[in-house]
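Work through the exercises below with the sequence and coordinates at hand. Each task is followed by its solution.

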Amino acid sequence: MMKIEMPTLPYATNALEPVISEQTINFHYGKHLQNYVNTLTSLVKDTEWADKSVEDIVKGAPDGPLFNNAGQVLNHALYFSQFRSPRQNNQPEGRLLEAINTSFGSFENFKAQFTQAATTLFGSGWAWLAQQEDGKLVITKEANGGNPVRQGLKPIYGLDVWEHAYYLDFQNRRADHIAASWDIVDWDVVAGRLH
């Protein structure tokens, strides 16, 4: 269970280039996420939520500022920890690949469906690969700071499609950012999130 704090990046701020630039990391991680953490810390102070994990706040908070900031802290903590330096032909193996194949037919089918979800999400939000209690994997589209934990799912892999996640590097070309992002997924980290 996650505490309200800034996660540590498991790579250098320039390690994801050219997919995500150091400049984007500095703004997205260093400023956007830090602001969500600071705001959430101040919102829970001296309330019933003060000793709760971020996941518990996301699951139980009413819609509004508390949920929005908790959702973004959780989303970004998962997001920033699931990447590594770019690799061509980057794909999962083992149990994760088996689960993807069982749920979507093939890794290529999964990529196509996930890309469709991320590309067609209107406005700001997230595309998620999540796991049901029975082990089946599903793709969800979450507006704004939404997270699959609200529906009792376990988030496995999330892609931020708020413009601040890609605008400095790709401007308005969300689809190009989504396509490039496959090269930086650390599938070992994603696999470690399975039940």
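The exercises cover an aromatic pair, the nonpolar core and a helix packing. The model is predicted: local features need pLDDT of at least 70, side-chain atom pairs count only at pLDDT 80 or more, and totals for chains, interfaces and linings use all residues. Residues are numbered from 1 along each chain as its sequence is written, and side-chain values use heavy atoms, leaving out hydrogens and water.

**Exercise 1.** Classify the aromatic pair formed by Phe107 and Phe110.

Step 1. Rings of Phe, Tyr and Trp (its six-membered ring) pair if their centres lie within 6.5 Å; planes under 30 degrees apart are stacked, over 60 edge-to-face, the rest tilted.
Step 2. The centres of Phe107 and Phe110 are 6.1 Å apart and the planes make 40 degrees, so the pair is tilted.
Step 3. Because Phe107 and Phe110 are three residues apart in helix α5, about one helical turn separates them.

**Exercise 2.** Find the residues with the most contacts inside the largest nonpolar core.

Step 1. Such a core joins buried (under 20% relative accessible area, 1.4 Å probe, protein chains only) Ala, Val, Leu, Ile, Met, Phe, Trp, Tyr and Cys residues through side-chain atoms within 4.5 Å.
Step 2. The largest one has 60 residues, and Phe110, Leu137 and Tyr157 have the most contacts inside it.
Step 3. Helix α3 (residues 65-80) gives the largest share, nine residues.

**Exercise 3.** Which residues of α5 and α7 meet?

Step 1. Contact means heavy atoms within 4.5 Å.
Step 2. Thr115, Ala118 and Thr119 of α5 meet Arg174, Ala175 and Ile178 of α7.

Key:
Helix = DSSP H or I, 4+ residues; strand = E, 2+ residues; numbered from the N terminus. Buried < 20%, exposed > 50% of the residue type's maximum accessible area, 1.4 Å probe, protein only.
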